[in-house]
Amino acid sequence: MISPYNDEYFMKQALMEAQKAYDEGEVPVGAVIVANKQVIARAHNLTEKLNDVTAHAEMQAITAAANFLGGKYLKGCTLYVTLEPCTMCGGALYWSQLDKIVFAAVDEKRGASRHTGIYHPKTVISSGIMESEASELMKSFFQTKRKD
């Protein structure tokens, strides 16, 4: 039997979070953390709302998942995020020890993948899942901001 719970399904969940960020005037990045095919954390950027440069979707999701699990390590979990994590988030993801990180769009300017060894050595990295949808949302957001 084919499971409907695959990378695309969970990335769609992250894209729904990114849309929430967009609607709130935040840079449209969304994230979900999954354990045993169940979403245990949902988050989107809140840097404007919280007036906090560290309130990225990934950071919010890590905190929510750790609270859900009752511990700081996220072994056995997968992060789905619509944009490649930045260096700050990459460092936090290293310490959280996620099994897997899946991101949609590459961030050529600030993406953590530019740095060798930024992710935990046991973390599997996958990219490009629903990249065009995530990229279009980001482009639309910044086009709207340039008009203001």
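Begin by selecting Asp-107, which sits in the loop joining strand S4 (100–105) to strand S5 (124–127); helices (H or I, at least four residues) and strands (E, at least two) are DSSP runs numbered from the N terminus. The model is predicted, so local features need pLDDT of at least 70 and side-chain atom pairs count only at pLDDT 80 or more, while totals for chains, interfaces and linings use all residues. Residues are numbered from 1 along each chain as its sequence is written, and side-chain values use heavy atoms, with hydrogens and water left out.

Asp-107 is buried (under 20% relative accessible area, 1.4 Å probe, protein chains only).

Next, display the backbone nitrogens of Lys-109 and Arg-110. A polar atom of the Asp-107 side chain lies 3.2 Å from that of Lys-109 and 3.0 Å from that of Arg-110. Leaving aside residues up to four places away in sequence, Asp-107 touches Leu-83 and Glu-84 (heavy atoms within 4.5 Å).

Now move to helix H3, residues 57–69. Its 13 residues reach 18 Å from first C-alpha to last, close to the 18 Å expected at 1.5 Å a residue (1.5 Å times one less than the number of residues). Select its buried residues: Ala-57, Glu-58, Ala-61, Ile-62, Ala-65 and Ala-66. They lie on the same side of H3 because they cover an arc of only 155 degrees around the axis, taken from the directions from the helix axis to the C-beta atoms. Their cover includes strands S1 (30–35), S2 (38–44) and S3 (77–83) and helix H4 (87–96).

Finish at Gly-70, which follows H3 and has a positive phi, near 80 degrees.

Definitions and conventions
Buried means under 20% relative accessible area, exposed over 50%, partly exposed in between (1.4 Å probe, protein chains only). Lys and Arg count as positive and Asp and Glu as negative; His and the chain ends are not counted. A salt bridge is a side-chain nitrogen of Lys or Arg within 4 Å of a carboxyl oxygen of Asp or Glu. A polar contact is a pair of N or O atoms within 3.5 Å; within protein, one must be able to donate a hydrogen and the other to accept it, and residues adjacent in sequence count only if both atoms are side-chain atoms.
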